Every structure is written in C-alpha cells, then in structure tokens.
Amino acid sequence: ARPGAERDAAGPKRPAPAARLDAVAQAELGLLALAMAYPELRGEIVAAAPPAEFRDALLGALIKEAALSDKSQASLEVAIMAALGEERGGRLSAVMVGPLPTAVEGARRLVMEYATALNRDRRRREVEQLRRAAGEANEAGAAAAAQELIELRRHVPQAD
C-alpha cells in the first residue's frame, strides 16, 4: 500500500482537479481571449483560424461574433462569459489573466501560433479520416483512398 493510503480511505473525498486543456482547446480559448483584448486583430484572427473549423462550435461562433462586433472588451466579455457558462467561462478567464502579450505585434505572433496548432489538428483529423476510409473501402476505393492519404501526408508537417 502506498504511504498515507489509510488516511485517504478514511478522509473526505477531494474533488478531482479540472481536466487539463489539450493544445487545441487552449488555442481556441487563446484566440477568443486575443479577439476580446485586441479589437484591431479580430479580422486577422478569423482569417487565420476560420471559426467554422473550430473543434468547439460554440467557441467558433463566439470568435465570429467578436470579429463582427465593435463592442469594447468589457461589454463583449459580459456577453461571451454568459454564453460560455461557468466551466468554460472560468477557463477563458484564466487565459485572459494569464500572460497575454502587451503589444499588438506580440499578440499577432500568438494568433499565428494558435492558428498553426489548429491547422495541424485539422490536418491530423483529415489524415485519420482518410486512413479509416482506406481501411473500410472496397478494393478499388481503398486504392484511391490510400493515394489520397499519401498526397495529404506529403503536405502535413511531421512535427510530432
């Protein structure tokens, strides 16, 4: 038995810590925080990371809403936090009070880093979808799907 196991069994249950965000969720929340903090970058953000491609559809819709908005950060924040709910709103707050860049150029670089992470995830999902299709297709379809997978893999950066 591990040390302190008796104490753990007798003591009150502790709530499990909040799940750590994966890179994609972190990037989507980061882009939303940057869109709120830097109105001048909102157009660049949706161009670099199209909201329709967000894994979290609500965050994508909120990014799009922020990009079309001319509201101040404070008024936009109230609407976005209400839409996100307690858990995701708390996560966004944590990102916003974290180390966001203080200059527009730093924020622009961070937008590109987040967009790159989202693009890698999208391509990885496309490759996986083609891999499954190649495995499930009939012989003629499998060859075509395999060829499509090979072409896509040629264009995917192998960073992992």
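## Terms and model

A residue is called buried when its relative accessible area is under 20%, exposed when it is over 50%, and partly exposed in between (1.4 Å probe, protein chains only). Helices (H or I, at least four residues) and strands (E, at least two) are DSSP runs numbered from the N terminus. This is a predicted model, in which local features need pLDDT of at least 70 and side-chain atom pairs count only at pLDDT 80 or more, while totals for chains, interfaces and linings use all residues. Residues are numbered from 1 along each chain as its sequence is written, and side-chain values use heavy atoms, with hydrogens and water left out.

## The chain

The protein chain contains 7 helices and 0 strands, and 32% of its 160 residues count as buried.

## Helix H2

Helix H2 is mostly covered, since 12 of its 15 residues are buried; among them are Val24, Glu28, Gly30 and Met36. These buried residues pack (contact means heavy atoms within 4.5 Å) against helix H3 (42-48), helix H4 (57-68), helix H5 (73-97) and helix H6 (104-136).

## The nonpolar core

A nonpolar core is a set of buried Ala, Val, Leu, Ile, Met, Phe, Trp, Tyr and Cys residues joined through side-chain atoms within 4.5 Å. The largest one has 31 residues, and those with the most contacts inside it are Leu31, Leu32, Leu34, Ile45, Ile80 and Leu92. H2, H4, H5 and H6 are the elements that give two or more residues to this core, and H2 gives the most, with 9 residues.

Ile45, leaving aside its neighbours within four places in sequence, is in contact with Leu31, Leu34, Ala35, Ile63 and Val111.
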